[in-house]
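Hi! Here is the structure I promised to pass on, with a few notes on what turned up in it. Have a look at it first, then read on.

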Amino acid sequence: MIDANALRATCLDFNGATEEFPFPRNPDVSTFKVGGKIFALTTLTGAPLTVSLKCDPELAERLRAAHPEVVPGYHLNKRHWNTVSLDGALPDRLVLDMIEDSYDLVVASLPRPQRLLLDWPGERQR
């Protein structure tokens, strides 16, 4: 099961990833960004631990239909974001893949010079 420490470490392991706490009224809300754009949002002290992740709209719908732990993004664009409960019901590999997909979606939207600086594998496939 992915806990708060593992979630933080996973998000910060991506090239160029940073953690910020941008909401003064909600100081426990942590955002993980790349190129100044959020790819993961969580309250690391939350119980149960949840994380909101960017997702391809069609995949988002499929994940929600297949897993009750995946719901439309809380306070986010519900078409592009899912909120995922990390209560242990989902396989860790699926959660890690969703985090990586979120990072990749955000990096893909960055200008090419930024993508090159990040040494993003997706840039080599273009």
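In which helix does Arg-64 lie? Arg-64 is part of α2, residues 57-66 (helices, H or I with at least four residues, and strands, E with at least two, are DSSP runs numbered from the N terminus). Before we go further: this is a predicted model, where local features need pLDDT of at least 70 and side-chain atom pairs pLDDT 80 or more, while totals for chains, interfaces and linings use all residues. Residues are numbered from 1 along each chain as its sequence is written, and side-chain values use heavy atoms, with hydrogens and water left out.

Back to Arg-64: it counts as buried because its relative accessibility is 15% (buried is under 20% relative accessible area, exposed over 50%, partly exposed in between, with a 1.4 Å probe and protein chains only). A polar atom of the Arg-64 side chain sits 2.5 Å from the backbone oxygen of Lys-78.

Next, the largest pocket, with a volume of about 280 Å³. On a 1 Å grid over the protein atoms alone, a pocket is an open set of points where a 1.4 Å probe fits, with protein on both sides within 12 Å along at least five of seven lines; lining residues have an atom within 4 Å of a point. The volume is the space filled by probe spheres set on the points, which are joined across faces, edges and corners. Among the lining residues are Phe-23, Ser-52, His-75 and Thr-83. Which strand gives the most to this lining? That is β3, with three residues.

Ser-52 lies in strand β4 and is buried, because its relative accessible area is 4%. Its side chain makes a polar contact of 2.7 Å with that of Thr-83 (a pair of N or O atoms within 3.5 Å; within protein, one must be able to donate a hydrogen and the other to accept it, and residues adjacent in sequence count only if both atoms are side-chain atoms). His-75, in the loop between β5 (70-72) and β6 (81-85), is exposed, as its relative accessible area is 66%. Phi of His-75 is near 60°, a positive value in a residue other than glycine.

Pro-48 is in the loop between β3 and β4.

Cheers!
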